[in-house]
Amino acid sequence: MALTVTDPRPVERAEEILTPKALAFVEELHKRFAGTRSELLAARAAKREEVARTGKLDFLPETKDIRDGDWKVAEAPAALQDRRVEMTGPASPAKMAINALNSGAKVWLADLEDASTPTWANVIDAILNLRDAATGTLAYTSPEGKEYRLRTDAPLAVVVTRPRGWHMDERHLLLDGEPTVGALVDFGLHFFHTAKQLLLNGHGPFYYLPKMESYLEARLWNDIFVFAQDYIGIPQGSIRGTMLIETIPAAFQMEEFLYELRDHASGLNAGRWDYLFSIVKYFRDAGDSFILPDRASVVMTAPFMRAYTELLVKTCHKRGAFAMGGMAAVIPNRREPEVTAQAFEKVRADKTREANDGFDGSWVAHPDLVSTCQEVFDSVLGDKPNQIDKQRPEVSVTAEQLLDVPSAGGEVTEAGMRLNLYVAVAYTAVWLSGSGAVAIHNLMEDAATAEISRSQVWQQIRNKSVLADTGNTVTRELVTRILGEETERLRGEVDPGSFTKYYEPASRLIADICLSEDYTDFLTTPAYELV
């Protein structure tokens, strides 16, 4: 096997990351684990076909002993005992990383996944920033001379890094001429360069693990953690992983996920938009009963979403793990103070529900939301760092409740379709420009929003949905017309150069995947070919 770097200097100081020893570690990870990853991706497709054929998904009979067993995950290290507010955002550029670390949040989810376009420059810059953050040297001076430094007057957020999902490749590191696994590249470079320092700091190494669909995928991460700790010579159990329950099959395997990673598990997170995207993806051809209404009308109090979050809290606390709530994506807008105030009240209500349900903390996408989220959790937690002691024995969730999509209520409308197409094109365009976290209409959007948006449109075409506000039936012709109109609207909102370079190809890509007979599993896979 031979590892090749196609571009050894995508950013200044890249040679500090792409060292022979770091690359040797990444190569060893691939030798040992890339084959299993490929097998597990194939197993995903086979499972999806089985569910499409039967229309059924259920708790696994072969793992009943795990669900019935008496076990707990390892106790959390001191740095992860209090996670009441977690800031999310990309680790590149340095300015955003510094703002997140200085935000006052307990944790920063340093995102190499949905909030980051995986250009080679972004990947390496993110690792550089996280390495510098670990050593306390991260700093940035803007072209205008403004300096950004790590604060010394209060604690920095504890870093929890999220590598790419198993499905993404990395074409700038080739093994025998073939692209490597994005998740192994992200984890390998980050772990190699930061693990020992983070351990000295008492702050890691900690990870968020995204988009898994099977407990066997969690087992693979555990095997990687065991090997990696031995490889660089740190104690077993040093790594902690928080797993995102953001796919519908994962909702039926929460206990199994924790069990597989139990010596390294920290908790589970409820990822709303990816979860809804997964429901559409999994049941896209299962008929009308799995058609979601306009995504803006799917609230967390819908019975099938309540079943998902209640089961997550119960499962985590039963097993001694943290239950982490969903994203507050509001972006304050000084030009629209009334709109912002109303949005903040919705955030407060959402976080209050989570805290009262037993969640130990929650996500925000903007530093201005940290205090709002903290106030809510402070009022429930008081002096306690978490509420793992809040058990939920009264919660009993069935497969039927998790799959009760009609309980969302709401309607499918042309207005909702327009918004979906607008957001899908707008987000994809900015993603193609190199930024994976995008403010659209006062909301911080990431890839999950675009995924649910374009997936709903594909499903509505497939099922010939009737739009409640116009009476029109969704056809390829109707979607083509509305997509054209929304693309023209975007033309009027951006400069001509950006429109030609990014928005036109984004619109063509959204047209291709929405109008195709075949469903595209991940929008970012074909989009990656365009960056």
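Is Arg 83 buried or exposed? Arg 83 is buried, with a relative accessible area of 1% (buried is under 20%, exposed over 50% and partly exposed in between, with a 1.4 Å probe and protein chains only). This comes from a predicted model, in which local features need pLDDT of at least 70 and side-chain atom pairs count only at pLDDT 80 or more, while totals for chains, interfaces and linings use all residues. Residues are numbered from 1 along each chain as its sequence is written, and side-chain values use heavy atoms, with hydrogens and water left out.

First, the overall picture. The protein has 18 helices and 15 strands, where helices (H or I, at least four residues) and strands (E, at least two) are DSSP runs numbered from the N terminus. A compact globule of 531 residues would have a radius of gyration near 24 Å, and the protein, with 22 Å, agrees with that. That radius is taken over C-alpha atoms, and the globule rule is 2.2 Å times the number of residues to the power 0.38. Along the principal axes, the C-alpha atoms fill a box of roughly 65 × 55 × 50 Å. Of the 531 residues, 60% count as buried.

The accessible surface comes to about 20600 Å², and carbon and sulfur atoms hold 51% of it; the areas come from the Shrake-Rupley method with a 1.4 Å probe, and for residues only the protein chains shown count as cover. As for charge, there are 57 positive and 77 negative side chains, with the centres of the two sets 2 Å apart. Here Lys and Arg count as positive and Asp and Glu as negative, with His and the chain ends not counted. Each charge is placed at NZ of Lys, CZ of Arg, CG of Asp or CD of Glu.

Back to Arg 83, which sits in the loop between α2 (64-68) and β2 (85-90). Its side chain makes a polar contact of 2.7 Å with that of Glu 86, and another of 3.2 Å links the side chains of Arg 83 and Tyr 208. A polar contact is a pair of N or O atoms within 3.5 Å; within protein, one must be able to donate a hydrogen and the other to accept it, and residues adjacent in sequence count only if both atoms are side-chain atoms. Setting aside residues up to four places away in sequence, Arg 83 touches a list of residues including Lys 106, Thr 242, Phe 322, Met 324, Asp 360 and Pro 385.

Gln 459 is another buried polar residue, at a relative accessible area of 1%, and belongs to helix α15 (residues 447-462). Beyond its neighbours within four places in sequence, Gln 459 is in contact with Val 280, Phe 283, Arg 284, Phe 290, Ile 291 and Leu 292.

The backbone has a few details to look at. The peptide bond from Ser 92 to Pro 93 is cis, with omega near 10°, and Pro 93 lies in the loop between β2 and α3 (94-101). The bond from Gly 204 to Pro 205 is cis too, with omega near 10°; Pro 205 is in the loop between α5 (182-201) and β9 (206-209). Arg 13 is not a glycine, yet has a positive phi of about 70°. This residue lies in the loop between β1 (3-5) and α1 (20-54) and is partly exposed, at 32% relative accessible area. Lys 464, also not a glycine, has a positive phi of about 50°. Lys 464 is in the loop between α15 and α16 (476-491) and is exposed, at 60%.

Val 380, in helix α12 (residues 370-381), is partly exposed at 31% relative accessibility. Leaving aside neighbours within four places in sequence, Val 380 is in contact with Ala 355, Asn 356 and Gln 387. Ala 2 lies in the segment before β1 and is partly exposed at 41%. Ala 2 and Gly 177 are 175 residues apart in sequence but 8.2 Å apart in space, C-alpha to C-alpha. With neighbours within four places again left out, Ala 2 is in contact with Glu 27, Leu 174, Leu 175 and Asp 176.

Note on methods:
Contact = heavy atoms within 4.5 Å.
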